[in-house]
Amino acid sequence: AAPARAGRSFFLCLTPPSRTFSVILSLFCGLLLLSSCHSTPQQEIHLPDRTPIPLTLTEEQQGPASINGQYSARLAYFEQFRQENVDVCFLGDSITERLDWQDAYPSLRVSNRGIGSDTTLGVLARLGDVEAQSPRAVALMAGINDISIGRSTDEIIETYAELLDELSHRLPDTALVVTCVLPVTAAHSIDNADVQALNVRLQPL
C-alpha cells in the first residue's frame, strides 16, 4: 500500500461519458469548493516588465512542445506573470488551459496552469511555479496526452505517484484534487479502454 501523504488528497471520476463537457467541468469545480477553499480579498496585481525570458525546455517538455507551438510561450507567460497566495491552482493540459477559471470563480483567487499537449512528465517538470503560488488547493487533470504518445499505464501511474509525492512534499498543507482522465470520442485514435484502465489505477493514489 502507498504511504499516506501529508496533504489532503481527493480523487474525482466523472461518469457517464455521455455527459456534456460543461457538466463535467461544473462537477469538477464543485468538488474544489468542498476542498476548504475560501475566498480571500482580491489583491492588486503588479505586472513585471515584459522582457522576454529565455527558456530551456527539459527533455520531458520537448515532446509536448514539438506538438504545440505555443508551449514555450505559455511557459514564458507563467514566468512573467507570477501569482502568489492563490486559492486554487488548476494544473494540467489543454482541458485545463481552455477554461477561464477566474471568470468561473470570481470570488476565489485562482491560477490557470494548463498547457495544451502537456503530459504528466511535462507537468512534473514545472512544479516550481506551482509551489511559488502557495495555493490552498491544486486541481490536477492530466494523462490523456501520455496515452496518445504511447506511454503505458504503469509508466503514467509511476509519474502520477511522483507528482503527488512531490506536491505533498513541497505543499504539505495544500489539498490535492485529482480528476480522472476524460474519455475521447469514437473518432479519436486513443482507445478508451486505456483511459478506463488508467482511471482505475489512479483511484488508490
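How many aromatic pairs does the structure hold? The structure holds 3 aromatic pairs, where rings of Phe, Tyr and Trp (its six-membered ring) pair if their centres lie within 6.5 Å, planes under 30 degrees apart counting as stacked, over 60 as edge-to-face and the rest as tilted. The model is predicted, so local features need pLDDT of at least 70 and side-chain atom pairs count only at pLDDT 80 or more, while totals for chains, interfaces and linings use all residues. Residues are numbered from 1 along each chain as its sequence is written, and side-chain values use heavy atoms, with hydrogens and water left out.

Tyr77 and Phe78 form an edge-to-face pair, because their ring centres are 6.2 Å apart and their planes stand at 65 degrees. Burial is judged by relative accessible area (buried under 20%, exposed over 50%, partly exposed in between, with a 1.4 Å probe and protein chains only). On that scale Tyr77 is partly exposed at 41%, whereas Phe78 is buried at 3%. A stacked pair is formed by Phe90 and Trp101, with 3.7 Å from centre to centre and 10 degrees between the planes. Phe90 belongs to strand S2 (residues 88–92) and Trp101 to helix H5 (residues 101–104), so this pair ties together parts that are 11 residues apart in sequence. Helices (H or I, at least four residues) and strands (E, at least two) are DSSP runs numbered from the N terminus. Both Phe90 and Trp101 are buried.

Charged side chains come next. A salt bridge is a side-chain nitrogen of Lys or Arg within 4 Å of a carboxyl oxygen of Asp or Glu, and by this rule the count comes to 9 salt bridges. One of them joins Arg82 and Asp129, whose closest N and O atoms are 3.4 Å apart. This pair links distant parts of the chain, with Arg82 in the loop between helix H3 (71–80) and S2, and Asp129 in helix H7 (residues 127–132), 47 residues apart. Arg82 is partly exposed, with a relative accessible area of 39%, while Asp129 counts as buried at 10%. Arg82 and Asp129 also belong to a network of salt bridges that includes Glu79 and Arg113.

Helix H7 takes part in another such link, since Glu131 in H7 pairs with Arg170 in helix H9 (residues 153–170), 39 residues apart. The closest N and O atoms of the Arg170 and Glu131 salt bridge are 2.9 Å apart. Arg170 is partly exposed at 28% relative accessibility, and Glu131 is partly exposed at 32%. What, then, of Arg126 and Asp118? Their side chains meet in a salt bridge at 2.9 Å, N to O. Arg126 is buried at 7% relative accessibility, and Asp118 is buried at 0%.

Helix H9 also holds Leu163, which counts as buried because its relative accessibility is 0%. Leaving aside neighbours within four places in sequence, Leu163 is in contact with Thr120, Val123, Leu124, Leu127 and Leu140, contact meaning heavy atoms within 4.5 Å. Leu163 and Leu121 are 42 residues apart in sequence, and their C-alpha atoms are 8.6 Å apart in space.

Attention now turns to helix H10 (residues 192–202), where Val195, Leu198, Asn199 and Leu202 are buried. These residues cover an arc of only 100 degrees around the axis, so they sit on the same side of H10; the arc is that of the directions from the helix axis to the C-beta atoms. The exposed residues Gln196 and Val200 are carried on the face of H10 turned away from its buried side. At the start of H10, a side-chain oxygen of Asp191 comes to within 2.9 Å of the backbone nitrogen of Ala193.

Finally, the cysteines. A disulfide is a covalent bond between the sulfur atoms of two cysteines. With a disulfide taken as a pair of cysteine sulfur atoms within 2.5 Å, the count comes to 0 disulfides. Cys89 is buried at 0% relative accessibility, and Cys180 is buried at 3%.

Terms used
A polar contact is a pair of N or O atoms within 3.5 Å; within protein, one must be able to donate a hydrogen and the other to accept it, and residues adjacent in sequence count only if both atoms are side-chain atoms.
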